[in-house]
Amino acid sequence: MSHPIHLSGPNKPSNLSVVTALLEAPTPETVGTQFLARSEVSKLLGVSPNTVTRWAREGRLPCQVTLGGHHRFDREFVEQLRKSLYRAGSRLE
């Protein structure tokens, strides 16, 4: 199996296609992970989308940032956070 960067000749892929393929390749830690958009997270947690973005920038809410600058959040982490916030809120009442 040859690596696309080592190909030569008329069938050689463009630099853009090689870079795109490398950027779109899944990393081991993101394989099988479902991601949520900012609006989905805000609905689940009951906060505004701006709050979600602020928490992400402050490092309170881990996320991936797309090439376009959009934040994507791990669904499993958000669900766990929602459950813990729900339990914490019910104890206060």
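Q: Taking axes as lines fitted to C-alpha atoms, for helices over the stretch in contact, with angles running from 0 to 180 degrees between N-to-C directions, at what angle do α2 and α3 pack?
A: In this predicted model, α2 and α3 pack at an angle of about 105 degrees, and their axes are 8 Å apart. Because angles of 65 to 115 degrees count as roughly perpendicular, that makes α2 roughly perpendicular to α3.

Q: Which residues in α2 and α3 meet there?
A: From α2, the residues are R38, V41, S42 and L45, and they meet P49, N50, V52, T53 and W55 of α3. Sorted by class, the contact of α2 with α3 has five nonpolar, three polar and one charged residues.

Q: OK, and which residues of α3 are buried?
A: Helix α3 spans residues 49–57, and its buried residues are T51, V52, T53, W55 and A56.

Q: What covers those buried residues of α3?
A: The cover includes α2, at residues 38–45, and β3, at residues 71–74.

Q: Can we zoom in on V52, and what does V52 touch beyond residues up to four places away in sequence?
A: With those neighbours left out, V52 touches R38, V41, S42, V47, L61 and F73.

Q: Which residues make up the largest nonpolar core?
A: That core has nine residues, namely L36, V41, L45, V52, W55, A56, L61, F73 and V78. The elements giving two or more residues to this core are α2 and α3, and the largest share, three residues, comes from α3. As general background, nonpolar side chains tend to be buried together in soluble globular proteins.

Q: Staying with α3 for a second, what follows α3?
A: It is followed by G59, which has a positive phi, near 85 degrees.

Q: Switching to charges, how many salt bridges are there?
A: The count comes to two salt bridges, taking a cut-off of 4 Å between the side-chain nitrogen and the carboxyl oxygen. In one of them the side chains of R60 and E58 meet, at 3.0 Å from N to O, and in the other E79 pairs with R82, where the closest N and O atoms are 2.8 Å apart.

Q: New topic: where is D74 found?
A: D74 is found in strand β3, where D74 is partly exposed with a relative accessible area of 29%. Leaving aside neighbours within four places in sequence, D74 is in contact with T33, Q34 and F35. D74 also lies 9.5 Å from V41, C-alpha to C-alpha, although these two are 33 residues apart in sequence.

Q: Since T33 came up, where does T33 lie?
A: T33 lies in the loop between α1, at residues 15–24, and β1, at residues 35–36. At 24% relative accessibility, T33 counts as partly exposed. The C-alpha atoms of T33 and E76 are 8.2 Å apart in space, while the two residues are 43 residues apart in sequence.

Technical notes. Residues numbered from 1 in each chain as written. Predicted model: local features only at pLDDT ≥ 70, side-chain atom pairs only at ≥ 80, totals over all residues. Heavy atoms only, no water. Buried < 20%, exposed > 50% of the residue type's maximum accessible area, 1.4 Å probe, protein only. Helix = DSSP H or I, 4+ residues; strand = E, 2+ residues; numbered from the N terminus. Contact = heavy atoms within 4.5 Å. Parallel < 35°, antiparallel > 145°, perpendicular 65-115°, else oblique. Nonpolar A, V, L, I, M, F, W, Y, C, P; charged D, E, K, R; others polar. Core = buried A, V, L, I, M, F, W, Y, C linked by side-chain atoms within 4.5 Å.
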